[in-house]
Amino acid sequence: MAEEAAIIVPESTAKKRKRERTKIYAKEYEEQEKELIRLKRETKFKGGFYVLPEAKLLFIVRIRGQVLGKYGIICMEDLVHEILTVGPHFKEANNFLWHFKLKAPLGGLEKKRNHAGNREVYINELIRRMN
């Protein structure tokens, strides 16, 4: 019985860069999470309560190609990071997303009364109303 040699498939440069960037972003988000925990503990210690900040941006996009590659945005993670942190190429990233702009939802948005907490389970219904 001949021993089977392990086949090593070389990873593309783009995939390596994407993985490296993902690690950088994960570290940054982990630091933000630690800061959030610190703030919650500090507020609790002072006798108050901490209110989670609401998301400032919500979008769903499927990207194909490397339109933003010249700005160093090669994957979805880069695009999300550039928009959320309002990075140096925010304008280009925002202009890229303009083509995916949705119309106002039919029936309008509901007022925020009695809708506290995470509302992510209702995103599909909202997107259907916006198409």
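**View 1. Helices H1 and H2 pack at an angle of about 35°, with their axes 10 Å apart.** An axis here is a line fitted to C-alpha atoms, for helices over the stretch in contact, and the angle runs from 0 to 180 degrees between N-to-C directions. Helices (H or I, at least four residues) and strands (E, at least two) are DSSP runs, numbered from the N terminus. What you're looking at is a predicted model, in which local features need pLDDT of at least 70, side-chain atom pairs count only at pLDDT 80 or more, and totals for chains, interfaces and linings use all residues. Residues are numbered from 1 along each chain as its sequence is written, and side-chain values use heavy atoms, with hydrogens and water left out.

Back to the pair of helices: H1 and H2 cross in a left-handed way, that is, with the near helix turned anticlockwise from the far one by less than a right angle (clockwise would be right-handed). On the H1 side you'll find Lys 18, Arg 21, Thr 22, Tyr 25, Glu 28 and Tyr 29, and they meet Glu 77, Asp 78 and His 81 of H2. Sorted by class, that makes 2 nonpolar, 2 polar and 5 charged residues in the contact of H1 with H2. For this sorting, Ala, Val, Leu, Ile, Met, Phe, Trp, Tyr, Cys and Pro count as nonpolar, Asp, Glu, Lys and Arg as charged, and the others, Gly among them, as polar.

**View 2. Asp 78 and Arg 21 join their side chains in a salt bridge.** The gap is 2.6 Å, N to O; a salt bridge needs a side-chain nitrogen of Lys or Arg within 4 Å of a carboxyl oxygen of Asp or Glu. Side chains of opposite charge can pair when their charged atoms come close. Asp 78 sits in H2 and Arg 21 in H1, so this pair ties together parts that are 57 residues apart in sequence. Asp 78 counts as buried because its relative accessibility is 1%, while Arg 21, at 23%, is partly exposed. Buried means under 20% relative accessible area, exposed over 50%, and partly exposed in between (1.4 Å probe, protein chains only).

**View 3. Gly 72 turns up in the loop between H1 and H2.** With 22% relative accessibility, Gly 72 is partly exposed. Set aside its neighbours within four places in sequence, and Gly 72 is in contact (heavy atoms within 4.5 Å) with Arg 21 and Asp 78. Have a look at His 89 too: 17 residues separate it from Gly 72 in sequence, and the C-alpha atoms of the two are 8.9 Å apart in space.

**View 4. A network of salt bridges links Glu 35, Arg 38, Glu 42 and Lys 46.** The side chain of Glu 42 reaches Arg 38 at 2.7 Å, N to O. Both of these residues are in H1, 4 residues apart, which is about one turn of the helix. Glu 42 also bridges to Lys 46, at 3.4 Å, N to O. Glu 42 is partly exposed at 33%, as is Arg 38 at 38%, but Lys 46 is exposed at 65%. Searching the whole structure turns up 5 salt bridges.

**View 5. H2 meets H3, with axes that come within 9 Å and cross at roughly 115°.** H2 passes H3 in a left-handed crossing. H2 brings Leu 79, Glu 82 and Ile 83 to the contact, and H3 brings Phe 90, Ala 93, Asn 94, Phe 96 and Leu 97. By class, this contact has 6 nonpolar residues, 1 polar and 1 charged.

**View 6. Seven is the tally for the largest nonpolar core: 7 residues, namely Leu 68, Ile 73, Leu 79, Ile 83, Ala 93, Phe 96 and Leu 97.** Such a core is a set of buried Ala, Val, Leu, Ile, Met, Phe, Trp, Tyr and Cys residues joined through side-chain atoms within 4.5 Å. H2 and H3 each put in at least two residues, and H3 gives the most, with 3. Beyond its neighbours within four places in sequence, Ala 93 touches Leu 68, Ile 73, Leu 79, Glu 82 and Ile 83. In soluble globular proteins, nonpolar side chains tend to be buried together.

View 7. Most residues other than glycine have a negative phi. Val 86 is exposed, with a relative accessible area of 54%.
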